[in-house]
Amino acid sequence: MLFSREMAITFLYPFIVTVSTMTVAVNAQAFAPLQYAGVNIAGFDFGCGTDGTCIISEAVPPVYQLSGVDGLGQMQHFVKDDGYNVFRLPVGWQYLTYNQSTGVLNETQFSNYNMLVSDCLSTGAHCEIDIHNYARYDGEIIGQGGPTNEVFAQLWYNIASYWKNETNVIFGVMNEPHDIPNITTWAESDKYAVTAIREAGATTQMILLPGNNYTSAETFVSSGSAEALGMVTNPDGTFTNLIMDVHKYLDYDNSGTHAPCVTNNIEDSWYPLATWLRANGRQALNTETGGGDVDSCVGYISQQIAYQAAQSDVILGYLGWAAGSFATNYVLSEVPTYNGTGWNDTLLVSMAMSPMANMLVASVV
């Protein structure tokens with residue numbers, strides 16, 4: 001279904017944002033809805049820090065048979081009742097290899113994680129494999145003093161080999177690299193991962209490329225991440241299905257640790273990013289965003305999603321942070337609660353992030 005950008009924006013909180021002397025409003029592109037909307041199903045990443053350490057005993061798998069957390073029920077609800085069509089499934093590198101700095105998967109640990117991936121795939125949604133290590137292993141940066149690019153490639157070759165025939169699997173190379181001394185060198189590490197995934201036989205699936213500064217949408221261009229990652233290619237030299245991976249929160253310091261939202265991120269993040277993507281023929285997926293379960297976040301996130309939808313030729317969609325094994329009182333919880341007969345969404349999901357609420361995602365329009 002095609003409809004005008006003006007129609008899409010009136011569904012949500014109206015907005016106009018001024019950038020210098022220009023007004024960021026709808027552009028002349030023909031409107032199409034966002035391709036993807038979903039949420040992170042967290043738990044296998046619990047115990048992982050921003051230094052790339054992961055205490056695997058602290059993981060709480062969102063798999064009922066392993067922890068009592070009904071991740072499958074959550075995902076079934078999100079697909080059926082909200083129209084979500086993608087889930088991101090974070091996991092620590094150490095969890096998959098049982099604390100070995102290697103690319104060899106531990107059979108038992110990988111089998112546990114595959115239970116979640118299989119649950120996700122059973123819903124018909126796309127499922128992102130996300131290595132949640134901040135470009136590090138136990139404090140050392142991949143390809144820059146830590147695990148070699150060859151070890152990183154081995155990890156991804158083994159992961160991709162298992163799901164090479166699953167067209168709904170997305171490969172998220174790494175969660176939130178930060179404080180990377182050389183972004184060009186990091187792009188080389190990404191290239192090793194991309195080549196390994198493709199050579200494993202996963203030739204058509206999307207691969208997500210993360211930049212520096214916690215892959216912030218705001219600094220993706222200015223930090224040099226966009227330029228460096230823009231040089232990463234498939235083995236055949238193409239950019240097909242190599243997608244930029246960006247995050248952006250709406251609290252005052254973009255940390256995703258405070259309930260109130262203070263911005264819609266349009267002027268400082270989504271406008272410059274969309275401009276670069278369009279000029280360079282590339283696309284991005286917003287794999288983490290969110291805010292507290294408060295009215296300010298309902299308003300600002302509605303504006304953000306509406307703007308993203310107005311740029312759907314280059315921004316593919318968004319995923320909230322987070323559901324899965326989080327407690328319902330976690331500051332950014334999007335965990336639905338089960339009332340005995342059905343699931344109840346948080347205010348933020350039910351009023352803003354659910355495609356059934358915003359009507360800006362292809363799964364419902």
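Analyst: Tyr 330 has a relative accessibility of 24%, so it counts as partly exposed. Phe 326 sits at 18% and therefore counts as buried. The cut-off between these two classes is 20%. Keep in mind that this is a predicted model.

Now the ring pairs. The count is 17 aromatic pairs. Tyr 162 and Trp 163 make one of them: ring centres 5.2 Å apart, planes at 85°, so the pair is edge-to-face. How exposed is Tyr 162? At 48% relative accessible area, Tyr 162 is partly exposed. Trp 163, at 2%, is buried. Phe 326 and Tyr 330 pair in another way: they are stacked, with 4.0 Å from centre to centre and 10° between the planes.

Phe 44, Tyr 95, Phe 110, Tyr 113, Tyr 162 and Trp 163 are linked by ring pairs into a cluster. Tyr 162 and Trp 163 therefore belong to an edge-to-face pair and to this cluster.

Next, the helix that ends at residue 162. Helix 6 (residues 149–162) lies across strand 5 and strand 8. Helix 6 runs at about 155° to strand 5.

Leaving out residues up to four places away in sequence, Trp 156 touches Ile 129, Ile 131, Phe 171, Gly 172, Val 173, Ala 193 and Ile 197.

In general, nonpolar side chains in soluble globular proteins tend to be buried together. Here, the largest nonpolar core holds 97 residues. Phe 87, Trp 156, Ile 159 and Phe 171 have the most contacts inside this core. Its largest share, seven residues, comes from helix 11. Apart from it lies another core, of nine residues, including Tyr 36, Val 86, Leu 208 and Leu 319.

Eight of them form a closed barrel, in the order 3-4-5-8-9-10-11-12, with parallel pairing. From one strand to the next, the twist averages 30°.

Strand 3 deserves a stop. How many residues of strand 3 (residues 36–42) are buried? Seven of the seven are buried, so strand 3 is largely enclosed by the rest of the structure. On one pairing, strand 3 meets strand 12 in the parallel sense, over six bridges. Ala 42 stands opposite Gly 324 of strand 12 there. The pairing with strand 4 (residues 86–91) is parallel too, through three bridges. In that pairing, Asn 40 stands opposite Arg 88 of strand 4.

Helix 10 lies across strand 10, strand 11 (284–289) and strand 12 (315–324). Its direction is at about 170° to strand 10.

Last, the disulfides. A search of the whole structure finds three. In sequence order, the bonded cysteines pair 1-2, 3-4, 5-6.

The torsion about its S-S bond is about 110°, so the Cys 48 and Cys 54 disulfide is right-handed. Both of these cysteines are buried.

Cys 120 and Cys 127 make another, with sulfur atoms 2.1 Å apart. Its torsion is about -100°, so the Cys 120 and Cys 127 disulfide is left-handed. Cys 120 and Cys 127 are both buried.

Cys 261 and Cys 297 also bond, with sulfur atoms 2.0 Å apart. A torsion of about 95° about the S-S bond makes the Cys 261 and Cys 297 disulfide right-handed. This pair links distant parts of the chain, 36 residues apart. Cys 261 lies in the loop between strand 10 (242–247) and helix 10 (266–280). Cys 297 lies in helix 11 (residues 295–310). Cys 261, at 5% relative accessibility, counts as buried. Cys 297 is buried as well, at 0%.

Definitions and conventions: Residues numbered from 1 in each chain as written. Predicted model: local features only at pLDDT ≥ 70, side-chain atom pairs only at ≥ 80, totals over all residues. Heavy atoms only, no water. Disulfide = S-S within 2.5 Å. Buried < 20%, exposed > 50% of the residue type's maximum accessible area, 1.4 Å probe, protein only. Helix = DSSP H or I, 4+ residues; strand = E, 2+ residues; numbered from the N terminus. Pairing = 2+ DSSP bridges. Axes fitted to C-alpha atoms, helices over the stretch in contact; angles between N-to-C directions. Contact = heavy atoms within 4.5 Å. Core = buried A, V, L, I, M, F, W, Y, C linked by side-chain atoms within 4.5 Å. Phe/Tyr/Trp six-rings, centres within 6.5 Å; stacked < 30°, edge-to-face > 60°.
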